[in-house]
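Work through the exercises below with the model open. Try each task before reading its solution.

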Amino acid sequence: MNELGFDFLCVSTECFTMSFYHDVLLRLLHAILAVTFFIQSCIWTAKKPLQFQYRKRTRDRLQSDARSLNKLPLHIGLLVLEDDISYTDVANIVVWCMTVGISYISLYDTQGDFKRNCTKINNEILKKQEEVLGNESTKCLFHLYRGGIEVHNKVNDCRIHVNLLSLEDGRQDIVRAAKYFCQQVACKRRKVNDLNPTVLENDLQGNDIFPDPDLIIKFGDVDSLLGFLPYQIRLSEILCSSSHHNMDYKVFISLLYRYAGCAQRYGK
Amino acid sequence: MRISIYARLLHCDVSEYCRFLVHLRPKTSCFLFGWYHRHFDCRMSWFPEDEHRSTNRFTKFCANVLKCGAIPKHVAFIMDGNRRFARKSSLERQEGHIKGFEKLTETLEWCLDLGITEVTVYAFSIENFKRSKEEVSGLMELARQKFEKLLEEKKMIQKYGVCIRVLGDIDLLPNDVKRAVAEAVNFSKHNNRAILNVCFAYTSRHEISNAIKEMALGVEEGFLRPSDVSEELLEKCLYTGKSPNPELLIRTSGEVRLSDFLLWQTTFSVLSFVKVLWPEFSVWHLFAAVLHYQRNYEQIQKTKQQNQETVEERQRESDHQCVLEDYKNCSDLESKIQLYAKQREQRIQTFLNHLDEKHSKYLDSILGV
């Protein structure tokens with residue numbers, strides 16, 4: 001009996017030590033990975049001041065770069081998945097987008113910080129516009145939306161639209177549309193078979209004029225969309241950048257070049 | 001067309017087969033030989049025989065190391081790049097698709113070894129019907145064969161306890177494929193050790209609008225109230241209603257979009273875009289993706305938790321609103337809300353049971369039971 005018990009103990013300790021070593025190895029592996037990524041980002045930031053030729057950006061320079069791209073996104077989604085948001089840097093990127101000629105811009109974060117601070121964003125963008133575009137900044141007016149609903153309705157004639165979104169918008173919009181449809185069915189105003197993906201798309205859009213995003217740029221280390229407009233992103237190209245803090249213009253334009261190089265087959 | 005001729009050929013006896021081969025040009029006979037070989041090779045089966053299972057000790061060791069961390073329960077794959085692979089290695093297009101299937105069976109094995117118990121694969125999109133007629137019929141033939149092969153391996157299905165589900169609008173498929181699919185799904189529906197979801201004639205937008213339709217029908221038939229519609233209920237009405245959402249999505253071939261695949265379900269999944277073409281996908285790519293998942297695990301869990309809390313909060317608010325609408329100015333609101341929540345849950349449960357029943361009746365109707 002004793003011997004049996006001893007055997008059993010032996011096996012279990014062996015298993016235990018094995019799994020202990022495995023665990024240590026995995027932790028080590030993750031630590032190595034983390035250090036590698038950290039060093040990479042350090043090198044990256046150290047390099048930045050050297051790229052002085054990209055420091056000066058004028059409207060002409062931005063627009064000539066845009067002309068060399070063979071396609072531009074109509075709607076760009078900027079996902080800021082970092083805890084610490086710098087509104088100046090975000091505004092900077094938004095102004096670049098505007099100047100290269102992107103008409104629809106969505107800003108997304110999970111906590112709803114953008115939505116809460118929409119005046120701040122508005123002011124930051126205006127300030128940055130003046131910095132980049134100088135006197136011509138008045139020509140580049142924009143509409144600001146919060147979850148698809150317009151906030152600052154001062155200007156009538158403009159072609160740029162900025163939308164602020166949060167976790168509350170994506171899935172919840174679909175649920176809202178579903179509820180609305182079910183109510184209409186209950187009142188016999190619509191039939192069940194009226195619904196198809198295109199009808200649902202129209203229901204979801206409602207009054208807002210934003211087309212489906214063509215390009216998503218995700219800032220931060222998390223490799224997930226974390227709830228960004230699920231229904232609208234089926235054909236969006238998803239590109240990543242490690243951080244929006246002090247983002248370099250060169251990185252921004254290289255992402256647009258990558259987007260221009262993406263070919264879509266639409267199932268064919 | 002061509003494929004079906006070969007398929008018929010494979011059923012005739014070997015001497016006849018050889019006599020036939022003599023009349024063919026070398027290139028074609030090479031292709032035929034390869035095909036014949038693969039068809040009867042055990043690799044072409046859904047289940048590798050034990051002696052063929054990868055016994056590489058180093059891979060096993062690495063899998064054990066990985067298993068000390070968080071392992072996703074459910075992984076989704078977009079198997080992209082079969083045609084590009086065929087072009088690259090100058091194979092027939094159909095050969096590329098066959099290679100793709102072989103890779104799938106291999107990948108399922110790796111997943112099981114890692115402890116990933118559910119896998120969802122994007123086999124055929126509704127948009128893919130736009131491809132050339134020849135390619136579509138080739139793919140359908142491949143699917144029919146594979147599902148029929150699966151039914152020949154019933155013993156193995158039971159041994160591994162595999163449940164196969166086909167997600168998508170089965171009505172769009174040709175009748176013979178539909179029947180084979182229904183039979184496989186029906187046969188394996190009670191298994192639960194490993195689950196394979198095959199998205200066939202699927203797009204996510206279709207799935208979501210179909211789920212809303214089901215709920216609207218529930219409202220029309222009196223199972224549900226419009227106010228019962230919620231994130232939780234919608235999720236249960238999707239084709240994947242019985243599964244947890246995939247925690248990891250892997251897309252091969254370097255494309256960086258979702259292409260209308262599990263849009264709702266992958267909102268909180270780790271996305272892993274791999275550069276290689278699907279037939280070149282190896283166990284190391286899978287390990288790298290799992291490692292990547294582990295690096296992202298905590299932050300995503302946080303957002304998921306936050307979302308879960310908002311969902312619950314929203315549900316409480318909705319219940320409150322409904323009770324207020326039902327009885328204006330009443331006392332003892334709290335207990336009424338609790339009662340209402342209980343009734344709502346009951347309504348939803350009855351509706352979901354009804355939905356299940358409807359689904360299995362539909363399968364039976366295809367099988368002609």
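Two strands pair if DSSP finds at least two bridges between them. Helices (H or I, at least four residues) and strands (E, at least two) are DSSP runs, numbered from the N terminus. The model is predicted: local features need pLDDT of at least 70, side-chain atom pairs count only at pLDDT 80 or more, and totals for chains, interfaces and linings use all residues. Residues are numbered from 1 along each chain as its sequence is written.

**Exercise 1.** Find the residue of β4(B) that stands opposite V162(B).

*Solution.* Start at V162(B). Opposite stands A194(B), in β4(B). Now take the whole strands: six bridges join β3(B) to β4(B), residues 194-202, and the two run parallel.

**Exercise 2.** Explain why β3(B) is largely enclosed by the rest of the structure.

*Solution.* Buried means under 20% relative accessible area (1.4 Å probe, protein chains only). Strand β3(B) covers residues 162-167. Five of its six residues are buried, so the strand is largely enclosed.

**Exercise 3.** Describe how chain B meets chain A.

*Solution.* First, count contacts (heavy atoms within 4.5 Å). 60 residues of chain B touch 59 of chain A. Next, take buried area, the accessible area (1.4 Å probe) that two parts lose on being put together, summed over both. The chains bury about 5,300 Å² between them, 62% of it on carbon and sulfur atoms. R205(B), R257(B) and R295(B) supply 15% of the area that chain B buries against chain A, more than any other three residues.

**Exercise 4.** How many salt bridges are there between chain B and chain A?

*Solution.* A salt bridge is a side-chain nitrogen of Lys or Arg within 4 Å of a carboxyl oxygen of Asp or Glu. The count is six. R234(A) forms a salt bridge with D260(B), with the closest N and O atoms 3.5 Å apart.

Note on methods: Chains lettered and ligands numbered in written order. Heavy atoms only, no water. Buried < 20%, exposed > 50% of the residue type's maximum accessible area, 1.4 Å probe, protein only.
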